[in-house]
Amino acid sequence: MKPRIVTTHRIHPDTLALLETAAEVISNQSDSTMSREEVLLRTNDADAMMVFMPDSIDADFLSACPNLKVIGAALKGYDNFDVEACTRHGIWFTIVPDLLTIPTAELTIGLLLSITRNMLQGDNYIRSRQFNGWTPRFYGTGLTGKTAGIIGMGAVGRAVAKRLAAFDMQIQYTDPQPLPQESERAWNASRTSLDQLLATSDFIIPMLPMSSDTHHTINARALDRMKPGAYLVNACRGSIVDERAVVHALRTGHLGGYAADVFEMEEWARPDRPHSIPDELLDPALPTFFTPHLGSAVKSVRMEIEREAALSILEALQGRIPRGAVNHVGAGR
């Protein structure tokens, strides 16, 4: 009998065809996220899973799926998956570590330009049919000559810095490891403390993974330390930012604007996560600009992410060490 693979969310027909060369595939091809109970019902006798950001896997889930050999995650951050439990159960867990870097960096630049140049307000004005030609309105903030503060210089942080350098900006960053000197020179970048970065940057861009240490890195205290009128852009993880503290800073005018592609409600691993975006944050009177988690939403990139996750699943089912594995298991349970 062919092995059985469950995919928890919609995948491209090419990905589905690739998996079907070697397995029976049970795929959720709807636009909805299934409940945990629905996923378990489909997976309790499956050999493999392809999972996505809204999914969450723990030891109890794995105990109910005794045939699982591999979980291929079509993502990079995996704090909502218990990898140690996977290892104990003899299950490979794989990720796609590199393909999200450039599209996320590109979107970050788009968020920054959109919030600082009042693009949403301008679009709404055009659609209201009030526009009859140029008038002096919607003045924003340019990037050239300004200072961007990047918190975290991992792959995405470096990609953002490289792109911002083209705007002739000064870049400050915090990270446990300094950049190579040639990168600092090329990007006009300097390493500094978090306090100094917050106090002197015109634009604050966190680029951190989600962990207990990074939760609410941008909280009320951090916002108070920011340069008055600075802008905050979040395209990494929702819970890096305390959204309610952001609302207060926007209402007082201390924070010039907030743009985000990610939200606290998306932190499925947080037992206390909010289940919606705060209504106050969605107040159209506040200077905000939001996108619905479009960081990797480039068609060719998403297809390649799915393909890599699919190949890792097929490799594990063939008894090979799968690409992108973040754990190591023996010959099986």
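Arg-4 is partly exposed, with a relative accessible area of 23%; here buried means under 20% relative accessible area, exposed over 50%, and partly exposed in between, using a 1.4 Å probe and protein chains only. Keep in mind that this is a predicted model: local features need pLDDT of at least 70, side-chain atom pairs count only at pLDDT 80 or more, and totals for chains, interfaces and linings use all residues. Residues are numbered from 1 along each chain as its sequence is written, and side-chain values use heavy atoms, with hydrogens and water left out.

Back to Arg-4: its partner is Asp-45, and the closest N and O atoms of this salt bridge are 2.9 Å apart. (A salt bridge is a side-chain nitrogen of Lys or Arg within 4 Å of a carboxyl oxygen of Asp or Glu.) The two sit 41 residues apart, with Arg-4 in strand E1 (residues 4-7) and Asp-45 in the loop between helix H2 (36-43) and strand E3 (48-51). Helices (H or I, at least four residues) and strands (E, at least two) are DSSP runs, numbered from the N terminus. Asp-45 is partly exposed too, at 34% relative accessible area.

That pair belongs to a set of 16 salt bridges in the structure. Another one joins Arg-237 and Glu-267, at 2.6 Å from N to O. Arg-237 lies in the loop between strand E10 (230-234) and helix H11 (243-252), and Glu-267 in the loop between strand E11 (255-260) and strand E12 (288-290), so the bridge ties together parts that are 30 residues apart in sequence. Both of these residues are buried.

Then there's Glu-315 with Arg-320, bridged at 4.0 Å. Glu-315 is buried at 8% relative accessibility, while Arg-320 is partly exposed at 46%. Through shared partners, Glu-308, Glu-315, Arg-320 and Arg-323 end up in one salt-bridge network.

Now for the greasy side of things. A nonpolar core is a set of buried Ala, Val, Leu, Ile, Met, Phe, Trp, Tyr and Cys residues joined through side-chain atoms within 4.5 Å. The largest has 56 residues, and Ile-150, Leu-164, Ile-218 and Leu-232 touch the most other members. Helix H5 (residues 101-116) supplies the largest share, six residues. A second, separate core holds 24 residues, among them Met-50 and Ile-305.

Finally, look at the backbone of two asparagines. Asn-118 has a positive phi of about 55° without being a glycine, and its place is the loop between H5 and helix H6 (119-127). Asn-188 also has a positive phi, near 55°, in the loop between helix H8 (181-187) and strand E8 (189-191). Asn-118 is buried at 17% relative accessible area, whereas Asn-188 is partly exposed at 39%.
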